[in-house]
Amino acid sequence: HLCSYHRIDCEGVPRLKLASFAKIQAQSLTPYSTHGACAVRQGHWLHLWTWDADLETQFRAKHADAPPVQTMPLSLYSQPLASGIRWQSEPGQPGIEAQLWHNHQLQSSLWLHTPPSPEDWAQLQAHHPELSHIGWPAVLLAITATPAQARPWARNLLHPHLAAGPRLDWQ
């Protein structure tokens, strides 16, 4: 997968200092030596995605004549739910994302290589007990994946002046 996702408690962080807080979190949590980042606040949670900035550089070099684009994680192109699990996948692309929603807010995001069987899900829960504390169910219901939407459901706090345009694939 192309992104690393983190959910960070940002309760008490003043609104005017949130972007600086997000930048510091991205620098400390990213596994990449140079990175791009996207941060979204919902309630007292900061959702943070980081990725390898070298991929952005390669994409821009390949499409040098195209207008500039803002990189956003595919997670932001889902259709938000009131509550429940949104499964998202892209036709012809490997992997599937599971998004946990509660009260119209993203609670957590997991990227998996393949849709999990009930046994796979039980094993994942056993290896990561923190998932149940976040609110992931112990037993999965049927998995129905939906494709990404054309526009994101949130703006990037780290680049609020850049409006996200239509979704482009990194190919």
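How many of the 171 residues of the protein chain count as buried? The share is 37%, where buried means under 20% relative accessible area, exposed means over 50%, and partly exposed lies in between, with a 1.4 Å probe and protein chains only. This is a predicted model, in which local features need pLDDT of at least 70 and side-chain atom pairs count only at pLDDT 80 or more, while totals for chains, interfaces and linings use all residues. Residues are numbered from 1 along each chain as its sequence is written, and side-chain values use heavy atoms, with hydrogens and water left out.

**Overall build**

- The protein chain has four helices and seven strands, which are DSSP runs numbered from the N terminus (helices: H or I, at least four residues; strands: E, at least two).
- Read from the N terminus on, the elements follow the order β-α-β-β-α-β-β-β-α-α-β.
- The radius of gyration of the protein chain is 16 Å, close to the 16 Å that the globule rule gives for 171 residues, so the chain is as compact as a globular protein of that length; the radius is taken over C-alpha atoms, and the rule is 2.2 Å times the number of residues to the power 0.38.
- Along the principal axes, the C-alpha atoms fill a box of roughly 45 × 40 × 30 Å.

- Four strands form an open sheet in the order 6-5-4-7, with mixed pairing, and two strands pair if DSSP finds at least two bridges between them.
- Strand 6 (105-112) and strand 7 (145-146) each have a single partner strand and stand at the edges, so one side of each is left without a neighbour in the sheet.
- Strand 4 (residues 84-88) pairs with strand 5 (residues 96-102) in the antiparallel sense over five bridges, and alanine 98 in strand 5 is the bridge partner of tryptophan 87.

**Histidine 47**

- Histidine 47 belongs to strand 3 (residues 45-52) and counts as buried because its relative accessibility is 0%.
- Its side chain joins that of tyrosine 5 in a polar contact of 2.7 Å, a term for a pair of N or O atoms within 3.5 Å; within protein, one must be able to donate a hydrogen and the other to accept it, and residues adjacent in sequence count only if both atoms are side-chain atoms.
- A polar atom of the histidine 47 side chain also lies 2.9 Å from the backbone oxygen of leucine 106.
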